[in-house]
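Me: I have a structure here that I would like to read residue by residue before planning anything around it. Please keep to what the model itself shows, one question at a time.

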Amino acid sequence: MKLEVGAASGGAPNSLAVRIASMRELIAVAAREAGRLPSDITLVGVTKKQSREAVLAAIEGGLSDVGENYEQEARQKYAGLPVRKHFIGHVQTNKAKAIVAAFDVVQSIDRLEAGRSIAKAARALGKPIRTLLQINISPVERYGVLPQDAAALATRLRDDEGLAVDGVMAIGPNSSDRAAIAQSFEQAARTLRAVGGEVLSIGMSGDWREAIRSGSTMLRIGTAIFGAR
Ligand SMILES: *Cc1c(COP(=O)(O)O)cnc(C)c1O
C-alpha cells in the first residue's frame, strides 16, 4: 500500500522521516556500543495525541510499528494502516474485543482477567494476537504484575488460555537517577528469562539508552520522534 501523505511534492523527505532516520542511527550506535545488533531492536513509534496525518507521515518515513494507549483513539487513527499496531495502555476487560480488533500486539497484560478477556476476544474474532506481560518495576507505576508473579501468570495464560505470550513490557522509573533506571531494567531482563520469550519491551524517550544496555529488543518512543505532546 502506497501512502501519498507525508512526502513533500518535490520528493524531499518529511521532517518526521528525518527524525525517524536519526533516531534509528542513534539506536544503532548505542546497540553496537553495547555489543548488540541494531537489527535486534524494534522501534515502536508511540503516536498518542498525534494526528492520523502525522502517523501517515511517520509510516512514509519508515516507521513499521506504532503504539497507542487508548483503543478509542486508535480506532480511526490506525484504520487500514499497513503497519504492526501495539496496544500499550491499560486493558479494561470490557474493551477487549475492540482492542483485539484494532491492534496486533497487546503489550499490557498485567493480570489473569486481562489475559483471559483478550484470549476470548481473539477466539471470537478469529484473529491471532501476540501479547507481552506488563511487569511493574517502578514504585510510581499503577499497573503491572509483580516480577515475582510474572512466570506463573505466563504459564496460566499459555496453558489454560492458549495465549501467545512473547515476553515482557515495563515502564521504567520516572527518575533522573540513571543507576536506578538501569537497576529496574535489569530486573525486567531477569523477569523475561523467568517468563520465557524473546521480546523485552523497555525504553522510552528518556531512558532508551539504559534500556538497550539492559537488552531491550523493543523501544517505545513518542516524544523523541513526534515532539512534545
Ligand atoms: C507514552 C508512552 C510511551 C512513549 O513515551 P515517550 O516518553 O513520549 O517516548 C511509551 N510507553 C508507554 C506505555 C507510554 O504510555
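Me: Leaving aside its neighbours within four places in sequence, which residues is Leu63 in contact with?
Reply: In this predicted model, local features need pLDDT of at least 70 and side-chain atom pairs pLDDT 80 or more, while totals for chains, interfaces and linings use all residues. Residues are numbered from 1 along each chain as written, and side-chain values use heavy atoms, without hydrogens or water. Leu63 sits in the loop between helix H2 (52–60) and strand E2 (65–68), where helices (H or I, at least four residues) and strands (E, at least two) are DSSP runs numbered from the N terminus. With contact taken as heavy atoms within 4.5 Å, Leu63 touches Ile20, Arg24, Leu43, Gly45, Ala58, Val83 and Phe226.

Me: Is Leu63 buried or exposed?
Reply: The relative accessible area of Leu63 is 3%. Under 20% counts as buried, over 50% as exposed and the range between as partly exposed (1.4 Å probe, protein chains only), so Leu63 is buried.

Me: What do the buried residues of H2 pack against?
Reply: The residues concerned in H2 are Ala54, Val55, Leu56, Ala57, Ala58 and Ile59. Of these, Ala58 is also one of the contacts of Leu63. The partners of the buried H2 residues are helix H1 (15–33), E2, H3 and helix H9 (223–226).

Me: What is the phi of Gly62, which follows H2?
Reply: Gly62 comes after H2 in the chain. Its phi is positive, and the value is near 110°.

Me: Is Gly80 buried or exposed?
Reply: Gly80 belongs to the loop between H3 and E3, and its C-alpha lies 9.5 Å from that of Ala102, although the two are 22 residues apart in sequence. Its relative accessibility is 55%, so Gly80 counts as exposed.

Me: How many aromatic pairs does a search of the whole structure find?
Reply: Rings of Phe, Tyr and Trp (its six-membered ring) pair if their centres lie within 6.5 Å, with planes under 30 degrees apart counted as stacked, over 60 as edge-to-face and the rest as tilted. On that basis, the number found in the whole structure is 2.

Me: What kind of pair do the rings of Phe87 and Phe103 form?
Reply: The centres of these two rings, Phe87 and Phe103, are 5.1 Å apart. Their planes stand at 65°, so the pair is edge-to-face.

Me: In which strand is Phe87, which pairs with Phe103?
Reply: Phe87 and Phe103 are 16 residues apart, and their pair links distant parts of the chain. Phe103 lies in the loop between H4 and E4, while Phe87 lies in strand E3.

Me: Which residues do ring pairs link into a cluster?
Reply: Phe87 has a relative accessible area of 2% and is buried, and Phe103, at 0%, counts as buried too. The cluster linked by ring pairs consists of Tyr78, Phe87 and Phe103.

Me: At roughly what angle do the axes of H5 and H6 cross?
Reply: Leu112, Gly115, Arg116, Ala119 and Arg123 in H5 meet Leu153, Arg156, Leu157 and Glu161 in H6. The two helices are roughly parallel to each other, a term for angles under 35 degrees. The axes of H5 (residues 112–125) and H6 (residues 147–161) come within 10 Å, and the crossing angle is roughly 25°.

Notes: Axes fitted to C-alpha atoms, helices over the stretch in contact; angles between N-to-C directions. Parallel < 35°, antiparallel > 145°, perpendicular 65-115°, else oblique.
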